[in-house]
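Have a look at the picture before reading on.

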Amino acid sequence: GYSDDERNWLLRNESKVWSYLKSTHILTSRKNDMHSLMQGEYLIDSIGKNVPMGIPFWLGSHIVDNYMKQNKKVSVEDLLKENDYRKILSASGISI
C-alpha cells in the first residue's frame with residue numbers, strides 16, 4: 001500500500017502525471033519506453049523526486065479499473081490474456 005503522504009501526493013498530482021504521460025506519448029510508444037516507465041525511475045527523473053516509487057502500479061491500477069468499468073462483459077481472465085497494452089489503454093477510456 002501507500003503511506004498517507006504518498007497517497008496524498010498521487011491524488012494532488014494525478015492530472016500532472018497524466019499530462020506528462022500524454023505529452024511524452026510514452027504510453028503509446030515502444031515497449032522499451034513502457035518498460036522504462038514501469039521501472040519507476042523514468043517518472044521520478046522526469047516529474048520530480050517526490051514521486052512515490054509505486055506510481056507505475058498506481059497508474060496501471062487506474063487503467064485496469066477504467067478498462068473493466070468500460071468493458072463490463074470482459075472477465076478478469078480475458079483481461080489477463082490480452083497482451084496488447086495499447087488496446088487496453090484505448091479501451092479504458094483514458095484519454096492519452
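## Helices and charged pairs

The chain has six helices and zero strands, where helices (H or I, at least four residues) and strands (E, at least two) are DSSP runs numbered from the N terminus. A quick note on the source: this is a predicted model, in which local features need pLDDT of at least 70, side-chain atom pairs count only at pLDDT 80 or more, and totals for chains, interfaces and linings use all residues. Residues are numbered from 1 along each chain as its sequence is written, and side-chain values use heavy atoms, leaving out hydrogens and water.

Of the 96 residues in the chain, 33% are buried; that means under 20% relative accessible area, while exposed is over 50% and partly exposed lies in between (1.4 Å probe, protein chains only).

Now zoom in on helix α4, residues 55-70. Its buried residues include Trp 58, Leu 59 and Tyr 67. Asp 65, though, is partly exposed at 37% relative accessible area.

Next, the salt bridges (a side-chain nitrogen of Lys or Arg within 4 Å of a carboxyl oxygen of Asp or Glu). The count comes to four, including these:

| Pair | N to O distance |
|---|---|
| Asp 65 and Lys 69 | 3.2 Å |
| Glu 77 and Lys 81 | 3.3 Å |
| Glu 82 and Lys 87 | 3.2 Å |

Asp 65 and Lys 69 sit four residues apart in α4, about one turn of the helix. Glu 77 and Lys 81 are also four residues apart, but in helix α5 (residues 76-81), and both are exposed. An α-helix has 3.6 residues a turn, so residues three or four places apart point the same way.

Key: Expected span 1.5 Å × (residues − 1).
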